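Biologist: I would like to learn how to read contacts and helix packing in a model. Please take me through one.

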Amino acid sequence: MSGSIEVRGLSRAFRSTVRRPGFAGALRSLIDPERVTKYAVSDITFDVAPGELLALLGPNGAGKSTTIKILTGILTPTAGEARVAGVVPYQERERNARNIGAVFGQRTQLWWDLPVRESFAILRDIYEVPRAEHAARLREFDDLLELSAFWDTRVRHLSLGQRVRCDLAAALLHDPPVVFLDEPTIGMDVVVKEQVREFLRHQVEQRGRTVLLTTHDMTEVERLAERVVLVNHGRLVLDGTLDEIRRTYGSTWQVRVTLADAHAAVVPLPGIALLGRDGPRAVFGPDGSGAPTVHQALKAVIERYEVTDVAIDEADLEDVMRAAYVHAGPAVEEA
Amino acid sequence: MAVLHAWRAARVTPLGELHAPPRMTAALVRLVVQVVLVASLWNGLYAHAGPTAGLSRDQAVSYAVLAVLASRLRELDQYAGRDTVLQHMHFGTIVYWYLRPLPPARYHALRALGEQVYGAAWALAGYAVCLATGVVRPPESALVAGVFVVSLLLGQLVLYFVMLLLDQMCFWTLRNNAAMLILVFAQNLLSGVYAPLWFFPGWFRAMSAFLPFQATLSVPLSLYVGRIRPADAAGQLAIQAAWAVLLFLLTRFLWRRAARRVISQGG
């Protein structure tokens with residue numbers, strides 16, 4: 001089955017009441033409520049190919065989770081259309097459920113009072129997975145996530161890392177071609193995070209699953225995703241590779257030099273701004289959107305000035321995303 | 001396979017109880033204490049009085065003790081298992097009910113069925129002990145016993161739908177604590193758990209006749225103790241069935257509406 005995801009012009013509006021400040025305001029809101037329509041997601045279009053891992057990124061409240069809820073069939077869009085493995089998720093919820101697995105952050109789908117393996121058995125029967133197939137898949141997941149050390153423990157007694165690993169396994173036990181992961185590694189330690197990343201890589205590369213991942217962990221994005229979709233204020237801002245994002249928003253480099261002549265006159269170079277000067281030390285940075293890359297800038301500075309020392313500060317992906325979040329997107333649409 | 005998933009879903013809460021022996025011990029102690037206190041209370045009340053409100057002492061004690069045992073049918077500790085609809089709404093885990101190829105309405109019903117069967121095992125064990133010790137008198141005839149069982153089943157169905165209505169309320173309000181407190185009180189009072197409805201004034205009984213609560217326990221228990229004669233049972237069973245159908249239709253409608261309102265906290 002093709003595990004593709006197609007999203008076309010997807011929008012989701014929520015109506016809410018404006019809470020006016022103060023006692024009088026609260027009273028007025030009670031008598032004469034002011035209703036507003038807010039778009040959590042507005043006209044979003046993107047595709048995910050079968051076997052691809054796509055990172056859906058954006059700041060808090062950008063619309064990532066709403067998008068995932070629509071794609072999992074939990075929410076119905078106000079406008080637009082989505083197909084997951086050929087199924088319109090919000091129209092055929094049960095059919096879609098067989099094609100997808102999902103993990104929503106620290107929210108567990110396991111039964112709190114039961115040992116983990118009981119939860120797995122319940123899901124096996126709900127999804128009608130043959131016992132032999134279930135056992136084989138459980139062995140595979142155990143090899144990757146080391147579940148057997150605690151799968152006879154009641155869920156309430158598991159650590160967060162253990163529970164999320166179990167949740168990941170639970171989401172994939174029925175062998176879904178498409179997996180939605182909404183901040184799956186939030187709050188986990190680095191060792192477990194790496195284990196989960198390895199598991200996800202295996203699921204994509206070896207099992208060919210399509211994964212849509214949201215996360216705020218840029219290390220995770222760098223290690224797992226080749227392509228990202230960036231949303232902000234409910235709108236799609238960028239759909240491209242990490243390199244493209246770096247090229248668009250990542251020019252936040254700085255070139256620090258120590259000049260041989262402390263009194264030499266320093267003037268800006270084409271596309272390169274002088275950010276600071278303190279005696280022989282000068283700091284250069286990008287000037288506008290047409291700025292050169294850090295290496296081009298370094299070459300230009302060295303060719304123009306005689307320097308005795310040089311250092312480069314280049315933005316990491318987190319800086320790049322910060323720049324993208326700040327730069328991107330119009331205000332939330334209200335009516 | 002449908003039988004398998006039904007079995008798995010139905011046994012979730014009972015299995016959780018079996019994995020928590022302290023909870024079972026607490027339930028046992030509470031049941032024994034309640035039965036002893038209720039039997040003592042009604043025996044004491046009738047010590048110097050003849051038949052009251054159409055009930056003899058034996059009838060009143062049997063009624064009160066059976067009410068305690070019947071309450072046990074749906075008294076499992078879902079809250080401790082973080083498995084109430086209220087908690088699923090609060091923690092945002094209700095979304096998983098909508099991500100499985102098992103409709104939430106069926107899942108909820110299967111879970112309740114498992115709980116009621118498990119609760120019935122407790123109630124039956126308690127009934128056997130009470131019968132053996134003479135605390136509860138047996139039904140007058142096989143006919144009475146049969147009508148009582150049918151009426152009790154219908155009553156449990158009505159009770160399930162009433163409790164379901166409360167759970168469904170969480171989809172709109174995110175909380176149902178206040179409603180739950182009111183309902184538990186109303187259910188216990190108007191179904192005759194606190195005291196048989198026959199002791200209440202006429203206007204009160206007339207009012208409660210328009211509510212579903214007396215269909216849950218008062219009717220089957222009154223049939224058991226002979227306060228309602230088997231000849232009058234058909235009408236009562238019909239009323240119970242009517243409540244079950246009405247509430248089924250209402251809750252089915254609300255499940256459809258609730259599906260549009262699955263909003264988890266945050267994100």
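Modeller: We start with the interface; keep in mind that this is a predicted model. Here 26 residues of chain A are in contact with 26 residues of chain B.

Biologist: Which helices and strands of chain A each supply at least two residues of the side that touches chain B?

Modeller: Helix H3 (93–99), strand S5 (100–104) and helix H4 (116–126) of chain A do. H4(A) gives the most, with 5 residues. By class, this side of chain A has 11 nonpolar, 6 polar and 9 charged residues.

Biologist: How is a pair of packed helices described?

Modeller: By the angle between the two axes and the distance between them. In chain B, the axes of helix H1 (residues 2–10) and helix H6 (residues 104–132) come within 7 Å and cross at roughly 60 degrees. That angle makes H1(B) oblique to H6(B), and the crossing is right-handed.

Biologist: Which residues make the contact of H1(B) with H6(B)?

Modeller: H1(B) contributes B:Ala6, B:Ala9 and B:Ala10, while H6(B) contributes B:Tyr107, B:Leu110, B:Arg111, B:Leu113 and B:Gly114. They divide into 6 nonpolar, 1 polar and 1 charged.

Biologist: What span should helix H12 (residues 233–259) of chain B have?

Modeller: At 1.5 Å a residue, its 27 residues should span 39 Å. The end C-alpha atoms of H12(B) are 39 Å apart, which agrees.

Biologist: Against what do the buried residues of H12(B) pack?

Modeller: Against helix H7 (142–173), helix H10 (213–216) and helix H11 (218–225) of chain B. Among the buried residues of H12(B) are B:Gln236, B:Gln240, B:Trp243 and B:Leu247.

How values were computed. Residues are numbered from 1 along each chain as its sequence is written. Chains are lettered from A and ligands numbered from 1 in the order in which they are written. This is a predicted model: local features need pLDDT of at least 70, side-chain atom pairs count only at pLDDT 80 or more; totals for chains, interfaces and linings use all residues. Two residues are in contact if their C-beta atoms, placed from the backbone, lie within 7 Å. Helices (H or I, at least four residues) and strands (E, at least two) are DSSP runs, numbered from the N terminus. Ala, Val, Leu, Ile, Met, Phe, Trp, Tyr, Cys and Pro count as nonpolar, Asp, Glu, Lys and Arg as charged, and the others, Gly among them, as polar. Axes are lines fitted to C-alpha atoms, for helices over the stretch in contact, and angles run from 0 to 180 degrees between N-to-C directions. Angles under 35 degrees count as roughly parallel, over 145 as roughly antiparallel, 65 to 115 as roughly perpendicular and the rest as oblique. A crossing is left-handed if the near helix is turned anticlockwise from the far one by less than a right angle, and right-handed if clockwise. The expected span of a helix is 1.5 Å times one less than its number of residues. A residue is buried if 20 or more other C-beta atoms lie within 10 Å of its own, exposed if 12 or fewer, and partly exposed in between; C-beta atoms are placed from the backbone.
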